[in-house]
Amino acid sequence: MHSNGDILPDLIVTQANQEHGIVEVRPGSDAALPDLPLGSRLRIIPNHACATAAQHGAYHAVSTGGDVVDVWPRFGGW
């Protein structure tokens with residue numbers, strides 16, 4: 001995302017670990033890798049639910065009207 005919150009098109013995280021990740025242009029794209037100065041901060045949108053879901057102790061099931069209809073506790077300890 002740009003500092004104004006716009007999505008940077010065709011950028012993907014190709015490698016990651018606890019401390020850092022590698023951001024590259026999606027293969028086959030003609031997009032340009034933006035000039036990101038050292039210290040730049042990006043918001044990374046997870047590509048699947050594992051990284052998102054593991055950060056919460058429970059999930060709230062919400063109706064289409066927006067009402068919480070159930071709370072599902074998360075399990076762990078694989």
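Strands β3 and β4 run antiparallel and are joined by five bridges, where strands count as paired if DSSP finds at least two bridges between them, and where helices (H or I, at least four residues) and strands (E, at least two) are DSSP runs numbered from the N terminus. The model is predicted, so local features need pLDDT of at least 70 and side-chain atom pairs count only at pLDDT 80 or more, while totals for chains, interfaces and linings use all residues. Residues are numbered from 1 along each chain as its sequence is written, and side-chain values use heavy atoms, with hydrogens and water left out.

Within this pair, His 60 has Val 71 of β4 as its bridge partner. The two strands make a hairpin with five residues between them, and Gly 66 in the turn has a positive phi of about 95 degrees. Strand β4 is hardly covered, since the count of buried residues among its six residues is zero; here buried means under 20% relative accessible area, exposed over 50%, and partly exposed in between, with a 1.4 Å probe and protein chains only.

A nonpolar surface patch is formed by Val 62, Val 68 and Val 71, which together have about 250 Å² of accessible area. Val 62 belongs to strand β3. Patches are made of residues with over 30% relative accessible area and no salt bridge, like charges being joined within 9 Å and nonpolar side chains (Val, Leu, Ile, Met, Phe, Trp, Tyr) within 5 Å; a salt bridge is a side-chain nitrogen of Lys or Arg within 4 Å of a carboxyl oxygen of Asp or Glu. Accessible areas come from the Shrake-Rupley method with a 1.4 Å probe, and for residues only the protein chains shown count as cover.

The other hairpin joins β1 to β2 through four residues, and these strands pair in the antiparallel sense over five bridges. In this pairing Ala 16 stands opposite Gly 21 in β2.

| Strand | Residues |
|---|---|
| β1 | residues 11-16 |
| β2 | residues 21-25 |
| β3 | residues 58-62 |
| β4 | residues 68-73 |

Along the sequence the protein follows the pattern β-β-α-β-β. Buried residues make up 4% of its 78 residues, and its accessible surface comes to about 6,900 Å², of which 55% belongs to carbon and sulfur atoms.

As for confidence, pLDDT (the predictor's confidence in each residue, from 0 to 100) averages 84 over the protein, with 90% of the residues scoring at least 70. Among the elements, helix α1 (residues 49-53) has the lowest mean pLDDT, 70, and β4 the highest, 96.
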